[in-house]
Structure formats: C-alpha cells, structure tokens
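Open the structure in your viewer and keep the selection tool at hand. The stops below say what to pick next and what is there.

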Amino acid sequence: MALDPVIKEYGKKFIKEYRRVLSAIKRYDRIAIFRHTMPDFDALGTQLGLATWIKDNFPNKEVKVFGDNHVTFTPRLYREMDSANQTWFKEPFLAIICDTGNTSRIADPRWKKGKFKIKIDHHPDVEHYGKISIVDTSAAAASEIVVNMLLNFKGNYFISKEAAFYFHSAIVGDSGSFKYSSVSRHTFAIAGELVSTGISVSEVYQKMFLKQIDDLKVTAYVLNHFEVSDKGVAYYVLDAKIQEELKITTERGKENVNLFANIEGINCWCSVTEDVKDHCWRVSLRSKDIPINGVAEMFEGGGHAQASGAKLNSLNDLPRLIEELGKLF
Ligand code: AMP
C-alpha cells in the first residue's frame with residue numbers, strides 16, 4: 001500500500017539521516033538501544049518498539065535494551081530490560097539513544113562504549129551528540145519520528161504487531177492520549193499505520209492506564225490537599241512520610257498531575273514529590289498552552305513546552321517556582 005503523503009513529506013527532511021541509520025543497522029551485528037532515566041511511556045515504548053523492529057527484520061542481529069525498569073509499567077506493559085556484563089560492551093556495537101535530549105539523562109552510562117552512536121529525539125536539542133542526530137521538537141513523541149523513519153526506509157521491511165503495540169503506547173503517552181497541542185495530522189497518520197497492523201487500541205489503553213483500588217486513595221489525597229495560586233498555578237506536594245502512608249514510590253508521585261488539566265482557572269499544574277534517595281524534590285510540570293520548559297530549566301530541569309520536569313533542592317524553593325510560573329500568566 002502506498003505511504004500516506006503526509007508521512008512521506010515529513011520524512012523528506014531527514015531522508016539522508018534515515019539512509020545512514022539503516023546502513024549502520026545493517027553494518028553492526030550487535031545493537032543496543034538506550035533512552036532516558038525514570039522512563040515514561042515514550043522512552044520505553046520507543047526503545048522496545050525499535051528493538052523489536054530490528055529483531056523482526058534482522059533476526060540474526062543481537063539487539064539489547066538497557067536502562068532501569070519502570071516501577072509499574074514493567075512487566076504489565078513492557079518487558080524487562082536486558083542485562084549484560086562488561087565483556088559484552090568490549091566488542092563493537094551500535095548505540096541508538098531515543099527520547100533523550102542530554103547525555104546526563106541517558107539511563108545507562110555504557111552507551112558511551114558504543115562504536116557508532118545515533119540520537120533520535122523530540123526534546124529541545126540542548127546537547128548535540130551522536131554521529132547521526134535526528135531531532136524534531138515538533139513531534140508529539142520520539143516514537144512518531146522513529147516510526148516515520150522505519151516507514152521511509154527503502155526495502156522490504158515490516159512493523160509487527162508487537163512493535164506497533166510498543167510504538168503506539170509511546171505516542172499515546174507523550175501526546176496525552178492525542179490531546180496535547182503537539183499532535184498533528186502526521187501524529188494521527190503514524191498512529192493509523194500502527195493500528196493497521198492489527199493492534200487493539202483499547203488493549204493498549206487498558207494496559208497503560210490500569211489502576212488499583214489503592215490508587216484511588218492517592219487521588220483522594222491529592223484532591224484534598226492541592227493548592228492553586230492566584231495566577232492559576234496548581235500544585236500538590238507528596239513528602240516522604242505521605243508516600244509511605246499511601247504506599248507509593250517516588251516515581252509514582254506525578255501520576256495524578258493531570259487531574260488539573262482542563263480545569264477553568266488553572267493555567268499550569270505540577271506535582272512535587274520528595275526524593276529521599278536523591279535528597280531533592282522532583283517536580284513534574286504541565287501547562288495548558290503557555291510553554292513552561294523555560295521555568296523548568298531555571299530549576300535544574302527541562303523538557304517540552306507543555307510537559308517538563310524539574311528539581312528543587314529544598315521545599316523552601318517551592319514558592320519561587322510557583323512565583324516564576326505565575327509570571328507566565
Ligand atoms: P515528567 O514530568 O518526568 O513526566 O517529564 C515530562 C517531560 O519532561 C518528559 O518528556 C521528560 O523526558 C522531560 N524531562 C523531565 N526532566 C527533564 C530534565 N531534567 N531535562 C530535560 N527534560 C526533562
């Protein structure tokens with residue numbers, strides 16, 4: 001079937017890079033796929049989708065995925081990451097790093113040992129790395145770019161249902177279920193290609209967003225304790241003690257942040273979660289339409305216009321964060 005013209009048109013800007021990526025994949029028998037720490041749907045879905053695609057189309061290659069597993073998505077949605085001892089990294093391998101703007105956020109430092117490195121990402125290009133770099137900040141998800149690339153490869157390649165399942169979860173995750181302003185006709189065209197492999201869209205959603213009854217208690221806590229500033233900045237704080245009481249890990253503190261999306265009078269919203277291990281407070285920021293990544297960068301973070309992450313060294317810095325966000329509105 002002919003490729004949707006919108007997919008072809010999008011691919012034109014990276015066609016030279018795509019050719020080089022395909023030739024690198026063909027050249028290396030050992031390939032490792034990396035992505036950012038504290039992974040989300042896009043990080044894991046893109047990583048596993050690409051690994052699955054390579055294995056499906058080049059069965060003789062050894063393909064590994066590295067990084068931390070997710071506290072709840074593994075193994076419900078994503079298979080466990082691979083392990084490998086130091087000797088594996090001594091032989092030449094191709095390292096493909098997805099969904100990661102800066103090298104300090106790559107989940108496994110052994111990406112550096114890759115003989116040839118490729119970056120594919122949709123975060124602002126704050127650090128240029130890799131022999132090949134494919135970055136498009138207008139893409140809703142890193143997966144959207146990767147799937148465009150696979151569809152534009154010249155050759156007799158296919159996307160399996162398993163790979164499509166991973167890629168689709170990545171797009172759904174980073175596009176806020178196709179609700180963010182980053183969603184374009186191209187995003188839908190790519191999703192259409194993935195759905196055409198026969199995946200069940202409802203199964204993807206059910207696996208992604210499955211909750212436990214205890215999770216409702218966390219939601220109830222957040223709804224009972226959030227604050228909204230006079231500029232419409234909503235936030236909630238989960239300190240270590242309350243995380244213990246609610247039986248959640250630090251990584252899960254941000255799970256309720258989008259309760260505040262689409263509420264009249266709320267312009268942006270954040271979760272603030274104490275991280276005892278790292279002696280800091282992790283902030284997830286989301287915004288209706290005004291970009292908040294500039295403020296995230298002021299607080300040791302970064303990310304996208306409408307979804308960013310940041311870090312506070314002390315809760316005493318919270319009023320300043322809320323004030324800086326308030327200045328945007
Ligand atoms: P989170 O709130 O952790 O879900 O992050 C929202 C988005 O911001 C994701 O796309 C992250 O990859 C990105 N992000 C989070 N923290 C950082 C950071 N320190 N630097 C750059 N991007 C980040």
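Start with the second largest pocket, which holds about 390 Å³ of space. A pocket here is an open set of points on a 1 Å grid over the protein atoms alone, with protein on both sides within 12 Å along at least five of seven lines. Grid points are joined across faces, edges and corners, and a volume is the space filled by probe spheres set on the points. This is a predicted model: local features need pLDDT of at least 70, side-chain atom pairs count only at pLDDT 80 or more, and totals for chains, interfaces and linings use all residues. Residues are numbered from 1 along each chain as its sequence is written, and side-chain values use heavy atoms, with hydrogens and water left out.

Select Leu 151, Tyr 157, Phe 158, Ile 159 and Glu 193. Of the 16 residues that line this second largest pocket, they are the closest to its centre. A lining residue has an atom within 4 Å of a point. The lining divides into 11 nonpolar, four polar and one charged. Ala, Val, Leu, Ile, Met, Phe, Trp, Tyr, Cys and Pro count as nonpolar, Asp, Glu, Lys and Arg as charged, and the others, Gly among them, as polar. Now colour helix H5 and helix H7 (185-195): each supplies at least two residues of this lining. Helices (H or I, at least four residues) and strands (E, at least two) are DSSP runs, numbered from the N terminus.

**Around H5**

Stay on H5, residues 142-152. Which helices cross H5? Helix H1 (residues 5-12) is one: the axes of H1 and H5 come within 10 Å and cross at roughly 100°. That makes H1 roughly perpendicular to H5, a label for angles of 65 to 115 degrees. Axes are lines fitted to C-alpha atoms, for helices over the stretch in contact, and angles run from 0 to 180 degrees between N-to-C directions. Show side chains where they meet: Ile 7, Lys 8, Tyr 10 and Gly 11 in H1, with Ile 145, Asn 148, Leu 151 and Asn 152 in H5. Contact means heavy atoms within 4.5 Å. These residues divide into four nonpolar, three polar and one charged.

Next, select H2. Its axis and that of H5 come within 10 Å and cross at roughly 80°. H2 and H5 are therefore roughly perpendicular to each other. Ile 15, Tyr 18 and Val 21 of H2 make the contact with Ile 145, Asn 148, Met 149 and Asn 152 of H5. Five of the residues in this contact are nonpolar, two polar and none charged.

**The five-stranded sheet**

H5 lies across S4 and S5, running at about 115° to S4. Show the whole sheet. Five strands form an open sheet in the order S2-S1-S3-S4-S5, with parallel pairing. Two strands pair if DSSP finds at least two bridges between them. Strand S2 (62-65) and strand S5 (132-135) stand at the edges, each with a single partner strand, so one side of each is left without a neighbour in the sheet. The twist averages 15° from one strand to the next.

Zoom in on strand S1 (residues 30-34), which pairs with S2 over four bridges. What is the bridge partner of Ile 33 in S2? Pick Val 65.

Go to Met 38, in the loop between S1 and helix H3 (41-57). Met 38 is not a glycine, yet has a positive phi of about 40°. Then find Pro 75 in helix H4 (residues 73-76). A cis peptide bond joins Thr 74 and Pro 75, with omega about 0°.

**The six-stranded sheet**

Six strands form an open sheet in the order S6-S7-S8-S9-S11-S10, and the pairing is mixed. Strand S7 (residues 233-238) and strand S8 (residues 268-275) pair in the parallel sense over six bridges. Select Val 237: opposite stands Val 272 in S8. Helix H12 (residues 318-326) packs on the sheet, touching S7, S8, strand S9 (280-287) and strand S11 (307-312).

**Last stop: a cavity**

The structure holds one cavity of 30 Å³ or more. A cavity is a set of points where a 1.4 Å probe fits but cannot get out. Select Lys 211, Asp 215, Val 218, Thr 219, Arg 252, Glu 255 and Asn 256, which line the cavity. One is nonpolar, two are polar and four are charged.

Technical notes. Parallel < 35°, antiparallel > 145°, perpendicular 65-115°, else oblique.
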